[in-house]
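Here are my notes on the model you sent. Please read them with the structure open.

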Amino acid sequence: MKEEQLSLLLKSSSKFPPPLGVKLSYGTSGFRADASILRSTVFRVGILAALRSFQTKSVIGLMITASHNVVSDNGVKVADPSGGMLTQDWEPFADSLANAADPHHLLQLINEIIKKENIPLDGTRSAEILLGRDTRPSGESLLEAAKEGVSSILGANFFDIGVVTTPQLHWMVRQRNLGLKASEADYFEQLSTSFRCLMDLVPNKSGMANTSEKLILDGANGIGGEKLEMIKESLGLVIEVRNSGKGAGVLNEKVGADFVQKEKILPRSFGPNDVGFRSAEIFAVVWGFRGWIKFGGGGDRCASFDGDADRIVYFSVIQETGNKINLVDGDKILSLFALFIKEQISILQQGKDGKGGSEYHARIGVVQTAYANGASTDYLKRLGLEVMFTPTGVKYLHEQAAAYDIGIYFEANGHGTVLFSEKFLSWLEERNHELSSVSIGSEQQKAALRLVAVSKLINQAAGDALSGLLLVEAILQHMGWSVNKWSELYQDLPSRQLKVKVLDRKAVVTTNAETVAVEPPGIQEAINAEIAKYTQGRSFIRPSGTEDVVRVYAEAPTQEEADSLAKSVAHLVEGPEYLK
Ligand code: NG1
Ligand code: ZN
């Protein structure tokens, strides 16, 4: 390391002492903690991002967010050249840099990374880091720390993209590295063009009578609502944004996708009045007319984003029961996408009509985690789809989904997307070309155009609430479905999630996509004994990667049973026998 580089690093890092007595770890989604202790971590992640950019010779992203967590928390994570999460090989570097006790130790670790990864810090190359942040008040000062971190590596430059959704940052990194247009205006343009293309291809517009006109969005008092407001005019949709973050509401406090999915109740600013006329049919005999009359619904379609808009769930309001909702979670969004895509693929396959259509057997894969509702997995298997399970954390799901021609992944909490392989997209383009010369406007060509539009609409870099919402809206229009009709694809099994605070969550170690706890010894046997008390019960525990808790999940034939199974398993985790 050059003398100039050495003294720059020593000087800047002495301004960011690490918090005393805290050990940070790069978890499911980067570092997360109370914002007050994160300045040194963000500074050091800035250094790490610069090193990664030099090593990969690509643009790297750094996002400051704590997603759905409380407003006083914050976090930081790195986006790799593909726009996906930082490669797992580099996570140990993140951990060691974040926990280095002083500037000298930090310098030594940086040197080790440079040597190990063969990073050319010889001043002949430059590096570029895109910096984004969510709306948290602590974001501004943490951004300054990130800037200092990046700038303390000679030749590394940052580009501040401002307050963005997490998926926007991932998308921009990917676009930049593909040499494509990457501004926010380009992102909006791509979303609205592909959405309108799907809408133009809606087959039977009269079927749309079943879909309510207005969508009400709960923006979690974060950034997503504001971004949706910016494009909604160009979409031709009627959308009312609540909890936009501009009013008095607090980020993620009793609002947003995480709250709605976990608590299964209405978010703030929503009430019984939001129940629309449910789509209904009555049998009428009027003036000689005898038959069913259909009433379209109105205002019953609601959706919630999380604070940084990488998660989305839908819901409708159940009037009779106060704040209860009919939740349409990530599993059902996944099922809707899978159904639609499978339908388009089979239309396309019917087109193998001897008119030059080249054969291609597209492999569709669906990826879920242990939190997926068992009923959704059954449904997807009934559709004839290949369903895979990975541990929690989108980096695992994303990686698995990328192995297919079309890989659809979602966590039950609403984080997910659809990945299209380059090979499949080139074939699709070719097929589209062939079809336009032999059967323009045919069903096969429309299916090909729809799939191309989906690949452009849905974020290829990361789960994206905004693009997910638009794809749901387009498919509901395509099917002529209301949110309630969509919800009837299958009936969720009753489930319950609980969190338990423990001294050391790392004492719980799991295997088999987190469904079996191998440590502490004996706890899995005890959980099995609880499960055995129910017919068709399911339960597992795992340490959270983002909060200092152990999570408990239970599923059973009735809500009471799911609640009591979750409670008794939580009891095992809390009790002195295994974890204290
Ligand atoms: P942890 O805290 O590791 O359970 C949570 C979510 C993940 C993922 C991350 C990132 C659940 C049960 N877990 O992780 O799915 O979204 O946050 O934000 O919802
Ligand atoms: Zn999020």
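Which helix gives the largest share of the lining of the largest pocket? Point 2 has the answer.

1. Ground rules. This is a predicted model, where local features need pLDDT of at least 70, side-chain atom pairs count only at pLDDT 80 or more, and totals for chains, interfaces and linings use all residues. Residues are numbered from 1 along each chain as its sequence is written, chains are lettered from A and ligands numbered from 1 in the order in which they are written, and side-chain values use heavy atoms, with hydrogens and water left out.

2. The largest pocket. Helix 9 supplies the largest share of the lining, seven residues. Helices (H or I, at least four residues) and strands (E, at least two) are DSSP runs, numbered from the N terminus. At least two lining residues each come from strand 1 (31–34), strand 3 (73–79), helix 9 (256–263) and strand 17 (495–501). The volume is about 980 Å³. The lining has 50 residues, and H68, D258, K262, E547 and R551 are the closest to the centre. A pocket here is an open set of points on a 1 Å grid over the protein atoms alone, where a 1.4 Å probe fits, with protein on both sides within 12 Å along at least five of seven lines; lining residues have an atom within 4 Å of a point. Grid points are joined across faces, edges and corners, and the volume is the space filled by probe spheres set on them.

3. The zinc ion (ligand 2). Its protein donors are S67 (OG), D306 (OD), D308 (OD) and D310 (OD), at 2.0 to 2.1 Å. Donors are N, O and S atoms within 2.8 Å of the metal (3.2 Å for Na, K and Ca); water is not among the atoms, so sites may look incomplete. Along the chain the spacing reads S-x238-D-x1-D-x1-D. The arrangement of the four donor atoms is irregular because their angles run from 89 to 161°. Four donors count as tetrahedral if all angles lie between 85 and 135 degrees; four count as square planar and six as octahedral if opposite donors are over 155 degrees apart and all others between 65 and 115; anything else is irregular. D306 and D310 are both buried. Buried means under 20% relative accessible area, exposed over 50%, and partly exposed in between (1.4 Å probe, protein chains only).

4. The expected span is 1.5 Å times one less than the number of residues. K57 follows helix 2 and has a positive phi, near 55°. Helix 14 (residues 443–457) reaches 21 Å, close to the 21 Å expected. Of its 15 residues, 11 are buried, including R450 and L451.

5. Backbone checks. The E519 to P520 peptide bond is cis, with omega near -5°. P520 sits in the loop between strand 19 (516–519) and helix 17 (523–531). N252 is not a glycine, yet its phi is positive, about 65°. N252 lies in the loop between strand 7 (238–242) and helix 9, and counts as buried because its relative accessibility is 13%. S269 also has a positive phi, near 75°. S269 is in the loop between helix 9 and strand 8 (280–286); at 46% relative accessibility, S269 counts as partly exposed.
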